Amino acid sequence: MSLHPTSSPARPNLAESILLEAGAVILGKDRELRLALACLLARGHLLVEDLPGVGKTTLAHLLARLLGLDYSRIQFTSDLLPADVIGVSVYDRASESFRFHPGPIFSQLILADEINRATPKAQSALLEAMEERQVTVEGETRRLPEPFFVIATQNPLFQVGTFPLPESQLDRFLMRIHLGYPAAEQEKALLAGEDRREMVARQRPALTNAELIELQKSVIRIHAASPIIDYIHAILQFTRGSERFAYGLSPRAGLGLLHAAKSWALLAGRDYVMPEDVQAVLPAVAVHRLTGGEPGQRIGDDEVARFILTNVPV
Amino acid sequence: MHKTDSMTRKTNRIPADERPERHQIFWTTLLVAAACAPFARYLDGQVTAFLALILAIRLVALRWPAALPNRWIRALLAFAGLGNCLAAYHTVTGQDGGSALLATMLVLKLLELDTKRDLRLVLILLGFLSVVQFLFDESFQLTLYLGLIALGLVTLLTELNGGLGAAGLRPALRVSARLALQAIPLTLVLFVLFPRLTAPLWSLGIDSSRGLMGMSDSMEPGNISELVVNGELAFRARFAGRRPDANQLYWRGPVLWKMDGRRWTPDAPPSGWQRPARLIESSDPIEYEVVMEPTKQRWLFALDMPVSEPEGTAISPDHQLLSNQPVTALKRYNARSVLSYRTAEPDERVRALALELPANVTPRMRALVEDWRTQVADGREERADDWTLVQRALAHFNRENFYYTLLPPKLGANPADEFLFETRRGFCEHYASSFALLMRIAGIPSRIVLGYLGGETNDFGGYTIVRQSDAHAWVEVLIEGRGWVRVDPTAAVDPSRIDNRLATELLGAGASVRFDLGEAAALARWMRDLRLLGDTLEATWQNWVLDFSAQDQRRLMDRLGLGAWQEYGLAVLMVLAVSLTLGGILLVLMHERTERDPLERLYARLCRRLAGVGLPRLPHEGPGDYGQRVTAARPDLASTVGGFLALYVPARYGERSTPETLQRLSNLLRDFDPKAQSVQSAFRGKVTASNGG
């Protein structure tokens, strides 16, 4: 029997069906998929950290297809310039004026691949756009499309030629997840199955942009009772007081935690937040802000999250 | 013109939210009136009238604001009030004048309530006026009454200040009731431990006993009958052993020696005479404790005859128990008395004093006495002895047409003569006075003793109540070889005066104050019991509250083993107790805050029950995870726990709690006993197993 009683949120089946279809392509990563979707519904950006080839790109592509978003991919390299991301103004001889050529950032879903290979200058161009949801080129402010969702991938730092993201930049990602190697069963299925790229290409959008925006709005309407607010606050307070962390969680992290928990509750088919929702998203939301940009030391996000949770009573 | 301008400007200057509202003015006026009501007993009639007048104006002006006096009339009224007090008391200081002025000015301030600040001032002054009343009356009743007034006062102040979120009188009343409840423990601590003033109040210039109806130290026709219609308390007595019969209870007060033809007065006895008062023989003493109302006099009342001198008292040569100080506050003393005794013979000077006759002794009085003296025995005349004469005099009162009434006819210049031969209607003072006089004419030394006779037994409290209405006067005659002997001529007239209480018909039509409907009527018995119960409360109040003194505090300290700390002990103890009390209140409040939510309490109960079967909730475990864990460990509990959580979780986190939810949750919990269920399921399991076998 279900201990999570369902009430009627906006469209519970919709989110479920998206996850179901995504699960058919990316095998054995249900939790990561759910987190990614929750992150998107909470209007946050996602950082995926893992080795090449574990399905980061597939994940981004799949989400774009399923959600009916137009998609572009920026491969970050050490010689990437901000203009390569944002776009440039080119002189148009016919109209005798400069015309703006939008860069790849003017898409609804962007995969920023290997973001830590680029120089800080190029990184910050992307990250500022993520935060402001608009770019200013030559004095003109241009709004980015809505919805706007960035999935950045990052290689572990022991690889050569990487520029680690500073804490302030990491804070802009609502969640950081790891995909990891698939389990034996799933990996065999993957090997035996058809080409993932083709499967993704075949995927039909499950919902329209308007529906997606509506879902995002209904996340905000999810109810967080005062005990939940108290609980989140207690978590923030604990990280600030604990000797284990150099810095505690910021107020923005607290807001992120709340939004992500709301989003998680929506995916669970509830219109209110439970403590379990907060606990479920905590590893993805909090840990990258606490351990800083040292992806090399893999203590395990879950372990850090467990340390926090066991010390904060519900 | 100019004046009107300035007045308009003045009213306009006051912002709307600073103007008191009508209902606030109304209730404040009512409260002031209520506080003044018990006060009226002690105020001069004209002051009371003035207060009533102003209160009436205030109430009328509430309905028709035009009736509100303007500034000039208010000033005039203020002067009138001051003049009124001066006229009534000739002073505006001291307890009476000061209180009258305070009440007058407070009531006048009601006419000038332009701002909320004025109202606040009135309310605070009202608090002061309430406290002042304790100078006049410290009874339990008044304390309760003033407590209610204080509650009303705090309520109005709370509403006025919008304190603690109280808008409107009803929430303000709730707030102030809460405040009162919280204040109780603190009050108790301060009451028990706050160092008492050892200096009496009169050294502070405050007279704590005033206008007392009570016994005076002289007797003339009429002043005891005044007392007899007065039901006020004189004193309470508690006997250590069995209470003597009512007709034995002669409570001895002042002794009067000198008669001027109309009035008996004590007359200062010659100094150095016969000290101490001696009894030659006596029966076993009986012991009792008396708690006496203030009289402003030095005498204490003790049973005839007192033989012990409590601390601060002495027994005078004429066997009065006298306090060294006038009794201005409640007085408690333990005394011992003997009911049968023989006094020593006084010397000649005393004898002479007890034989002094006033100038207005008439020949027919002498003739009457001479008639008694001459007795016929065995056919020949001989002189009767003193004791026979006493008996004959008593028989005279008994046989002749003497009536006992509280409303005797007015007596002229020679009351004794007129009473004996013409009116023959009188009260104990008439009988005692004329009897003593006749004895003196006969050459038998006599004196008057004032005091009380009898008293009502209160079975609830186990003590005897003696009221002013029990006032009595009797005579002592000096008989050769027997010393001073008590003679009660009133008893000779009407024995019921001693055996029964005064009946209504005896009190006469004019005196309806006291009535005795007889024991037959159940209602009357019930009323009497109620009255006695009330008196018991009052006595308890006196005993435990009013009479709690510095000595009691010292005793308490000794009992707590802090006797050595006399100096600072009380203060330290008080601070400690106050902090403990406040801490306690704080703890209760904090506990209330965390456990206030009934929903949380129900959930905590579920968790406690599950903890009882080894499934405690981890501190960081949410209800969903906990439920899953419990269900996994004990599938038999799944339906109840699941059902509970299915209701609880949305109620708690979706904030959709209704009284109905709470009811259903508590119903679920009522029948939920995980321990019993485990036994059941184990049993069921066994049955299934054996069936299978």
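Visitor: Leaving aside neighbours within four places in sequence, which residues is A:Met175 in contact with?

Guide: Two residues are in contact if their C-beta atoms, placed from the backbone, lie within 7 Å. Leaving aside neighbours within four places in sequence, A:Met175 is in contact with A:Leu35, A:Cys39, A:Gly44, A:Leu46, A:Leu47, A:Ala260, A:Ala284 and A:Val285. This is a predicted model, in which local features need pLDDT of at least 70, side-chain atom pairs count only at pLDDT 80 or more, and totals for chains, interfaces and linings use all residues. Residues are numbered from 1 along each chain as its sequence is written, while chains are lettered from A and ligands numbered from 1 in the order in which they are written.

Visitor: Which residues touch the most other members of the largest nonpolar core?

Guide: In soluble globular proteins, nonpolar side chains tend to be buried together. A nonpolar core here is a set of buried Ala, Val, Leu, Ile, Met, Phe, Trp, Tyr and Cys residues joined through C-beta atoms within 7 Å. Buried means 20 or more other C-beta atoms within 10 Å of the residue's own, exposed means 12 or fewer, and partly exposed lies in between, with C-beta atoms placed from the backbone. The largest core has 113 residues, of which A:Met175, A:Leu257, A:Ala260 and A:Val281 touch the most other members. A second, separate core of 71 residues includes B:Val290, B:Leu411, B:Ala432 and B:Ala491.

Visitor: Where does helix H12 of chain A kink?

Guide: Helices (H or I, at least four residues) and strands (E, at least two) are DSSP runs, numbered from the N terminus. The bend at a residue is the angle between axes fitted to the seven residues ending there and the seven starting there. H12(A), residues 275-290, has a kink of about 55° at A:Leu282, shortly before the proline A:Pro283. In H12(A), 16 of 16 residues are buried.

Visitor: What is the strand order in the open sheet of chain B?

Guide: Strands of a sheet pair through backbone hydrogen bonds, either parallel or antiparallel. Two strands count as paired if DSSP finds at least two bridges between them. The order of this three-stranded sheet is E7-E10-E9, with antiparallel pairing. Strands E7 (299-300) and E9 (313-315) of chain B each have a single partner strand, so one side of each is left without a neighbour in the sheet. Three bridges join E9(B) to E10(B), residues 321-323, and B:Ile315 has B:Leu321 as its bridge partner.

Visitor: How many bridges pair E1(B) with E6(B)?

Guide: E1(B) and E6(B), residues 286-292, pair over five bridges in the antiparallel sense. There, B:Ala237 stands opposite B:Val290.
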